[in-house]
Amino acid sequence: MRIIEPNEPITVSHVAILLYGDPGVGKSTIANTSREPVVLDFDRGAHRAHNRRRVIQPDNINEAVTWLEAHASEFGDVVIDTVGRMLDMMAVEIMRDDPKRGKNGALDMQGWGVLKTRFVTFRNRVTSLGKDLILLAHAKEEKDGEVRILRPDIQGGSQAEVLKASEFVGYMTTVSGKRVVNFSPTDSSIGKNPCQWERLEVPHYATSPAFLADLLADGKAKLGQIGESAKELDREIAGWRARLEEAEAPETLNVLMKSLQKSTNATLKSAAWKLFLDRGKAVGARYDAKEKAFKAEEKAAA
């Protein structure tokens, strides 16, 4: 057993990253800017990547893992394109091996448990080879009330397992004609951003052929130093909590909100915003999204 003190860095050697996004946004292309990758093409769409590297199109999961272990010295990172299709293949194999785990062509509850275990085992076997794992997924739209949320297109409860197994989760899209990836969670997309990266513009692969390799190297270097960053974030959130506890009127909330908007820390802003909404409810104020301001709740007529 090793005990790591708060001021002692933790070495992070291998990570998993999940990139999901709109069709045609260039997920496969950015994946090929990782470290000498091999692509496991479960989606059968590798031909669409402009900078295609070595591609394997496996017919089953076992042969994919066997090949990776036998040829580990010949490649760098492992790209799964897409993780949703890989999980589909795993599910079919589970039902084939144990028909009781399937019902009407879908896994039962125990079958989902087996699927989660197999995915975690796959992830661990890849990283044990000294490889980073790049997971690609399409985006799907879901609704939470009136809010439109984009999530990775990964079936059932296995989505949560993939998110837990990934150190970084980024949403890729196009903004003003430029490809971008955002790792911070927003109101409309999920993310995982322990390194506090700003929204990144994705350069053309010809000018930055090692874009993802460099990003993952930066991420691994920063992950071991997260302790101090987390402490600083906790201190800032505590500061906002203290200031909001003194706010008794919508006008005060609006002044504080303008101050929060100046912050460039997306994680801080997301956490503090929940404190704003909670404080607003406590003092009888609601946030008017149209006017972008807190207003006093109207009292019902007697």
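Which residue lies over the face of W240, and at what distance from the ring centre? I found R243 there, at 4.0 Å from the ring centre of W240, where a charge counts as sitting over a ring if NZ of Lys or CZ of Arg is within 6 Å of the ring centre and within 35 degrees of the ring normal. I looked up a second case of this kind, in which K131 lies over the face of F75, at 4.6 Å from the ring centre.

**Conventions.** I note that this is a predicted model, in which local features need pLDDT of at least 70 and side-chain atom pairs count only at pLDDT 80 or more, while totals for chains, interfaces and linings use all residues. Residues are numbered from 1 along each chain as its sequence is written, and side-chain values use heavy atoms, with hydrogens and water left out.

**Aromatic pairs.** I then took up the aromatic residues and found 10 aromatic pairs in the structure; rings of Phe, Tyr and Trp (its six-membered ring) pair if their centres lie within 6.5 Å, and planes under 30 degrees apart count as stacked, over 60 as edge-to-face and the rest as tilted. W273 and F294 make a tilted pair, with 5.7 Å from centre to centre and 50° between the planes. Because W273 belongs to helix α9 (residues 266-282) and F294 to strand β13 (residues 293-296), this pair ties together parts that are 21 residues apart in sequence; helices (H or I, at least four residues) and strands (E, at least two) are DSSP runs, numbered from the N terminus. W273 is partly exposed at a relative accessible area of 24%, whereas F294 is buried at 4%; buried means under 20% relative accessible area, exposed over 50%, and partly exposed in between, with a 1.4 Å probe and protein chains only.

I looked up F294 again and found that F276 and F294 form a stacked pair, with 6.4 Å from centre to centre and 25° between the planes. This pair also links helix α9, through F276, to strand β13, through F294, across 18 residues. F276 counts as buried, at 0% relative accessibility. I recorded one aromatic cluster made up of W240, W273, F276, Y287 and F294.

**Strands β12 and β13.** D288 has A293 as its bridge partner in β13. The hairpin of these strands has 4 residues between them, and K292 takes a positive phi near 55° there.

**Salt bridges.** How many salt bridges does the structure hold? I noted 22, each being a side-chain nitrogen of Lys or Arg within 4 Å of a carboxyl oxygen of Asp or Glu. One of them joins the side chains of D43 and R85, at 3.2 Å from N to O. Since D43 lies in the loop between β2 (38-41) and β3 (54-56) and R85 in helix α3 (residues 83-97), the pair ties together parts that are 42 residues apart in sequence. D43 is buried, with a relative accessible area of 18%, and R85 is partly exposed, with 38%.

I also looked up R125 and E69, whose side chains meet in a salt bridge at 3.1 Å from N to O. R125 sits in helix α4 (residues 109-127) and E69 in helix α2 (residues 61-70), so that pair links distant parts of the chain, 56 residues apart. R125 is partly exposed at 31% relative accessible area, and E69 is partly exposed at 37%. D108 forms a salt bridge with R101, with the closest N and O atoms 3.0 Å apart, and R101 is buried at a relative accessible area of 13%. Salt bridges that share partners join R286, D288, E291 and K295 into one network.

**Largest pocket.** The largest pocket is lined by 24 residues, with D187, A266, K269, S270 and W273 lying nearest its centre; a pocket, on a 1 Å grid over the protein atoms alone, is an open set of points with protein on both sides within 12 Å along at least five of seven lines, and lining residues have an atom within 4 Å of a point. Helix α9 gives the most to this lining, with 5 residues.

Terms used
Pairing = 2+ DSSP bridges. 1 Å grid on protein atoms, 1.4 Å probe; cavity = no way out; pocket = protein on both sides within 12 Å on 5 of 7 lines; lining within 4 Å.
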